[in-house]
Amino acid sequence: MQTLKIGTRGSPLALAQAHETRARLMQAHGLPEEAFEVVPISTSGDRIQDRPLSEAGGKGLFTKEIEEALLERRIDIAVHSSKDMPTVLPDGLELVTFLPREDARDAFIGKNVKRIADLPHGAAVGSSSLRRQALIRRMRPDLDVVIFRGNVQTRLRKLDQGVAEGTILAYAGLKRLGLEHVVTDLMPLEAFPPAPGQGAIGIETRIGDRDVERMLAAIHHVPTGQALTCERAFLAALDGSCRTPIAGHATVSGEKLSFAGLIISPDGTESHEVRLEGEAADAAEIGLDAARTVRARAGVTFFDGWA
């Protein structure tokens with residue numbers, strides 16, 4: 001039996017996602033654990049800790065080395081957090097398989113208080129995400145937003161050390177790590193919309209690798225795939241990267257898809273929202289229409305300085 005090599009980042013969360021993928025493939029195909037090999041790969045995004053990703057090169061820093069391994073056939077599939085994936089993939093690769101989405105909300109973790117609203121004036125809140133930073137500033141302009149880099153455990157340790165009074169992390173990641181107990185408040189989707197792709201595990205493959213495609217088809221979750229198609233189309237049309245504070249979340253119910261998107265200035269003072277509904281089969285077009293709508297509402301000057 002040929003071993004299927006699963007490429008992933010080496011963080012505890014990334015490994016948990018790779019293990020979930022392996023477990024689903026084992027169950028779907030009746031294969032033993034020995035039929036799979038999880039291959040941790042160090043990425044530039046993991047190694048660069050001294051500055052924001054928006055300054056270092058954006059989302060691709062979390063995928064570059066893994067995608068190189070995939071193209072060089074050192075691994076057979078790559079497992080990613082979908083929100084970390086650039087909208088443009090290297091030639092020869094595709095992202096068409098998604099596992100059922102976890103809760104897409106953000107979670108607040110307070111050191112001495114339960115909610116952002118309870119923080120004292122001028123308190124420090126840590127985040128490495130421009131979207132989260134902007135949304136925090138919109139909610140509480142008085143707070144001091146500080147850069148928090150590192151994996152989940154590193155950020156929680158910084159919180160314990162008093163680097164900040166609170167931080168915001170993806171609830172899905174905390175659940176996958178069994179860390180729900182550290183959450184002090186869940187942020188409402190309407191007031192604190194998530195990043196496109198948040199909570200969804202995406203599996204990247206080589207185009208035309210038929211054997212792998214057949215294996216992955218058994219674990220692909222169609223509604224999540226439709227939602228992510230919409231969200232990634234919205235992001236791509238807005239040229240979204242780690243340099244751009246963009247939120248987007250689609251939900252699928254039967255044949256219908258609902259999408260809510262937002263663009264916000266980095267300082268949180270100006271934002272524009274859009275909500276569209278349509279057929280789930282038209283997911284990509286809904287995302288594109290939403291991007292056109294929000295661009296028209298914001299005006300050209302809103303995007304000055306984003307690149």
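Biologist: In which sense do strand β1 and strand β2 pair, and over how many bridges?

Modeller: Please bear in mind that this is a predicted model. Strand β1 (residues 4–8) pairs with strand β2 (residues 36–40) in the parallel sense, over five bridges. As one instance, Lys-5 has Glu-37 in β2 as its bridge partner. Between the two strands the chain passes through helix α1 (residues 12–29), and this β-α-β crossover is right-handed.

Biologist: What is the strand order in the open sheet of three strands?

Modeller: The order is β11-β12-β13, and the pairing is antiparallel. β11 (246–253) and β13 (271–279) are the edge strands; each has a single partner strand, so one side of each lacks a neighbour in the sheet. On average, neighbouring strands here are turned by 10° against each other, direction ignored.

Biologist: Over how many bridges do β12 and β13 pair?

Modeller: Strand β12 (residues 256–264) and β13 are joined by nine bridges in the antiparallel sense. Within this pairing, Gly-261 has Val-274 of β13 as its bridge partner.

Biologist: Which strands does helix α5 touch as it packs on the sheet?

Modeller: Helix α5 (residues 130–139) touches β11, β12 and β13, and its direction makes about 75° with that of β12. Helix α10 (residues 283–298) also packs on the sheet, where it touches β12 and β13; the direction of α10 makes about 155° with that of β13.

Biologist: How is the packing of two helices described?

Modeller: One gives the angle between their axes and the distance between the axes. For α9 and α10, the axes come within 7 Å and cross at roughly 35°. The crossing of α9 and α10 is right-handed. Among the residues that meet there are Cys-230, Ala-233 and Phe-234 in α9, and Ile-286, Gly-287 and Ala-290 in α10.

Biologist: Which residues have the most contacts inside the largest nonpolar core?

Modeller: They are Cys-230, Phe-234, Leu-238, Leu-257, Phe-259 and Ile-263, in a core of 26 residues. At least two core residues come from each of β4 (93–98), α9 (222–237), β11, β12 and α10. The largest share, six residues, is supplied by α10. Phe-259 illustrates the contacts: including Cys-230, Phe-234, Val-274, Ile-286 and Ala-290, its partners exclude residues up to four places away in sequence. Apart from this core lies another, of 17 residues, among them Phe-108, Ala-123, Ala-134 and Phe-192.

Technical notes: Residues numbered from 1 in each chain as written. Predicted model: local features only at pLDDT ≥ 70, side-chain atom pairs only at ≥ 80, totals over all residues. Heavy atoms only, no water. Pairing = 2+ DSSP bridges. Helix = DSSP H or I, 4+ residues; strand = E, 2+ residues; numbered from the N terminus. Axes fitted to C-alpha atoms, helices over the stretch in contact; angles between N-to-C directions. Contact = heavy atoms within 4.5 Å. Core = buried A, V, L, I, M, F, W, Y, C linked by side-chain atoms within 4.5 Å. Buried < 20%, exposed > 50% of the residue type's maximum accessible area, 1.4 Å probe, protein only. Right-handed = clockwise from strand over helix to strand, strands pointing away. Left-handed = near helix turned anticlockwise from the far one by under 90°.
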